[in-house]
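Trainee: I am new to this model. Could you walk me through it, one question at a time?

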There are 2 protein chains.
Amino acid sequence: MLSVKYPGRSTMGERNLRLTVAYDGTHFLGWQAQAKGRTVQSTLTAALERMHHHPVVVHAAGRTDSGVHAIGQVVNFVTDIDSIPAERMGLALNQLLPMDLRVSDSAEAKPEFHARFDARRRTYRYNILTAPVGVPHLRLYSHRVLHQLDLSLLNRIAAPLIGEHDFTTFAAPSESSPSKVREVYSAAFHAEGQLTVFTICANGFLWRMVRSLVGTILKLAQQNECSDTLRAMLEAQDRSLVGPTAPPQGLFLYKVDYDE
Amino acid sequence: MLSVKYPGRSTMGERNLRLTVAYDGTHFLGWQAQAKGRTVQSTLTAALERMHHHPVVVHAAGRTDSGVHAIGQVVNFVTDIDSIPAERMGLALNQLLPMDLRVSDSAEAKPEFHARFDARRRTYRYNILTAPVGVPHLRLYSHRVLHQLDLSLLNRIAAPLIGEHDFTTFAAPSESSPSKVREVYSAAFHAEGQLTVFTICANGFLWRMVRSLVGTILKLAQQNECSDTLRAMLEAQDRSLVGPTAPPQGLFLYKVDYDE
């Protein structure tokens, strides 16, 4: 039974619901529930348990770190509530959730749907602000750099990311995935108002990989490195080569795609 | 003497400094110092007084309300500190200020310069988000509306604002300006990413005028009113005609211009 293999999958008489969730990560200690502190998972679970009057297990596509935001995080959980149509579950939950955590969509999923294991593509965005002095209303949603950025240089540096690579170089030391191979479908910088935005889409990411990539690309750009440097760093599979990890507040889990 | 007429103007041996100031209005009870509570003026004055060891009077171009943000607020104050070049005063002050209040520029001004009385043009921006569910990271920096917005309809409705008008209709009941006549140089809506932004530039504004205009234009757009309605409302000089006042968190004091 799939419900044994993946706890939280539905059994007869229950429905497996899929939610799209957005949050301002500023006042959350990341996604994952922990013994102490406010997390997205614990806040969402508390609202679901108020509704269900029994424990509810929630699975998320991406386990974002403290301070990281989400626009299109996807989660699933099994419900035995039959009085609320799946499409209205988001509205009902939003009544119980704080304003920095919103359910933007809810729908019934197949019984075997799992938000994490079934995700085919994840898209992250990272906001970079170029400014000599901080911009207060953007401070919690961007990483500020002092030096001007050259978009075409950034994109030349990032180009070797596309394709299937072993990302050991850009994994956090505590990364536990058995394989460090991921396929990157797109990775590019564009200008958006005052911000320079890095958008990366891949089948999956190692822990802190996006922030490590952004920090490294910014460092390479500042050193005016050529476009082959990142390729060489990937091939070396050596964590000591990378630049600083960019801070969490610039990062947004933007979108998660599934086969439908 | 000008220094008598406008307390805070400089006398011999002192310099009149002009600062450009940005703030996230979320945790400020507006610009104006008051008996209790954290305001931008009191926070800035406290930093200046720590630096000067005596009272300092600060004048601002626009006295923003609680929750309203600023990107280019302009202030001036007279300093007797001669050890810090005017251009470095911003850096020095930022060491003493919280991260939600930043000085982005500092320069010496003419002795008679007054940030409020000398301002020729003020530009405000108002962010509107069209979304069925709140977007957490934008919730403190935009006003959310549920219905779709038609940019060209909004701009047709707003067009009669351009020019010199008596804005009594859009003044707060407690507005104390003897004249309600202001000249609007530009007023238009444009799309910016997920946001619809209203930008309005005028020689001056009555209290809550921008928020009253935005609330009214949104209401007229929803009722699909024609472009003459706002003109008729202006001419009526009747406050009872206006729509709801749009909330503060969408409003930014964007820019203040002076004759140079």
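Mentor: The C-alpha centres of domain 1 of chain A and domain 2 of chain A lie 28 Å apart. Domain bounds come from an automatic or database domain assignment. This is a predicted model: local features need pLDDT of at least 70, side-chain atom pairs count only at pLDDT 80 or more, and totals for chains, interfaces and linings use all residues. Residues are numbered from 1 along each chain as its sequence is written, and chains are lettered from A and ligands numbered from 1 in the order in which they are written.

Trainee: Which residues make up domain 1 and domain 2 of chain A?

Mentor: Read the bounds from the domain assignment. Domain 1 is 2-109, and domain 2 is 119-258.

Trainee: How many residues does each domain of chain A give to the contact?

Mentor: Two residues are in contact if their C-beta atoms, placed from the backbone, lie within 7 Å. On that rule, domain 1 of chain A gives 14 residues and domain 2 of chain A gives twelve residues.

Trainee: Which element gives the largest share of the side of chain B that touches chain A?

Mentor: The contact takes 19 residues from chain B and 19 residues from chain A. Helices (H or I, at least four residues) and strands (E, at least two) are DSSP runs, numbered from the N terminus. Strand E1 (15-23) and strand E4 (101-109) of chain B are the elements that give two or more residues to this side. The largest share is three residues, from E4(B).

Trainee: Why do the copies meet through the same surface?

Mentor: Compare the interface residues of the two chains. The copies meet through the same surface because the share of interface residues of chain B that are also interface residues in chain A is 100%.

Trainee: In which sense does strand E5 of chain A pair with E10(A)?

Mentor: Two strands pair if DSSP finds at least two bridges between them. Strand E5 (residues 119-130) of chain A and E10(A) have seven bridges. Arg122(A) stands opposite Val256(A) in E10(A). The sense of the E5 and E10(A) pairing is antiparallel.

Trainee: What is the bridge partner of Ala70(A) in E10(A)?

Mentor: Strand E3 (residues 69-79) of chain A pairs with strand E10 (residues 251-258) of chain A in the parallel sense, over two bridges. In E10(A), the partner of Ala70(A) is Leu253(A).

Trainee: How many residues of H5(A) are buried?

Mentor: A residue is buried if 20 or more other C-beta atoms lie within 10 Å of its own, exposed if 12 or fewer, and partly exposed in between; C-beta atoms are placed from the backbone. The buried residues of H5(A) include Met209(A) and Leu220(A). What covers them includes E5, H4 and E10 of chain A. H5(A) is largely enclosed by the rest of the structure, because its 14 residues include a buried set of twelve.

Trainee: Is Asn224(A) buried or exposed?

Mentor: Asn224(A) sits in the loop between H5 and H6 of chain A. Its phi is near 55°, a positive value in a residue other than glycine. With 9 C-beta neighbours inside 10 Å, Asn224(A) counts as exposed.
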